[in-house]
Amino acid sequence: MKIYNTLTRKVEEFVPNNKECVTMYTCGPTVYHYAHIGNLRTYIFEDILEKTLNYIGYNVKRCMNITDVGHLTSDSDSGEDKMLKGAKREHKSVLEIAQFYTDEFKRDIEKLNIKWPEIVSKATDNIDMYIKIVKKLLDDNYAYISGGNVYFDTSKLLDYYKLTNHKVDDMVIGVRDGVEEDLSKKNQADFVLWFTKSKFDSQELKWDSPWGIGYPGWHIECSGISIKNLGEYLDIHCGGIDNIFPHHTNEIAQSESYLGHKWCNYWVHGEHLNDETGKMSKSKGEFLTLSLLENKGYSPIDYRFMCLNSSYRKVLVFSYEALNQAHDSYQKLKSKVKKLNRNNNEKLENDKILEYKKRFCDALESDLNTSLALTVIYDLLKEKINDSTKLYLIYDFDKVLSLDLLKEEEKKIDDELLKHINEMIVKRAEAKKNKDYNLADSIRNDLEKKGIILKDTKEGTIYEIK
């Protein structure tokens, strides 16, 4: 397995700390609003990575956080907490907002056939762990108290920017949107480990700490949850490319200072999904959620298919034209698979199974080349191989791709069609009562053309969807 490692800036062979169990941490959502499809692209690539590792023989233990406190609207530890912002917007408590959008996020994940991580932990459930880490960082002189808050002192590290390969002078105030200077910091790159009541009096969620009543910074959350659940040595840490700085940079700084050794070996990041005007966000234009795509008639798997046709490390530009193309291609692929005879008992062609499994693995092991993995399926469908073998391989490959290639489509009946069916059943009953069998047969035939099969029973006429 070869994967691009942001830390070394090259594609590397994956070598886990422990072959018996690969540990994988993925940054979860800040549950103050619906996830947009750009956010969801990251979870799709992480899902493919986890399933690929499982497919090639590793046991993966994956952990994800749910940020329900501490993520501020600015990268400079200023502004209001995103959770508090969401609560004010909807006139609800922070915990109500968090639960609602956690549930919505989980629904999106399920619709996209993304595996829910084995361990999912809320930020608010781990306050003791954050306090433990911050205490040790203060004791070891990696942190300081200023203006009532606890800051990490980045000047203590010679390699603070090793994940980004920046120089200190490059990371100046104003490089990122909304960054303002914090006069309580000793150095411009220092970041907050713990906020106290001296700064954000309107904060709804607060806890007792040795430094006063307050709440944790955003970055300490992922370090604490990962170390608590996955141990001191982490194999893979994933996230969107916008997490590299400052979030993941700060995670490395505080985690390795706390632990006293290298923490994570492989940092894997997914590129942005942009709209045609630039980077996608929740604050501009049409808010592109999965539900919006569904309301426009697309399946969530159309979007997953669109993502898998592109490298996770390349910017993907979203447009409805591109989604239409993905929808059409996906339906054609499903149609080809549907034509395979599922009722034959032909002997499996083991030499072809080995050949195609190797090609499929080679594609995924080459830095998750999902586009090439899909090409393997197209080639399989074209080759002169018996249907039993093709179906066996497609079932096997879809354990990773999760495109429902063998799943029968469920016919849905909207309210208007349901009303029409019931009206036609009544009209047909009247026709039969009046011995107008031509009309009764005509009604049955018209409904059958729409995929509705009428059946006469002792209890009355019922229908089935074909």
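Mentor: Let's start with a rule: a salt bridge is a side-chain nitrogen of Lys or Arg within 4 Å of a carboxyl oxygen of Asp or Glu. By this rule the count here comes to 23 salt bridges. This is a predicted model, where local features need pLDDT of at least 70 and side-chain atom pairs count only at pLDDT 80 or more, while totals for chains, interfaces and linings use all residues. Residues are numbered from 1 along each chain as its sequence is written, and side-chain values use heavy atoms, leaving out hydrogens and water.

Trainee: What makes arginine 62 and glutamate 46 a salt bridge?

Mentor: Their closest N and O atoms are 3.7 Å apart, and the rule asks for within 4 Å, so the pair qualifies.

Trainee: Which parts does that pair tie together?

Mentor: Arginine 62 lies in strand S4 (residues 60-66) and glutamate 46 in helix H1 (residues 37-55), so the pair ties together parts 16 residues apart in sequence. Helices (H or I, at least four residues) and strands (E, at least two) are DSSP runs, numbered from the N terminus.

Trainee: Why is glutamate 104 called buried?

Mentor: Buried means under 20% relative accessible area, exposed over 50%, and partly exposed in between (1.4 Å probe, protein chains only). Glutamate 104 has 16% relative accessibility, so the residue counts as buried.
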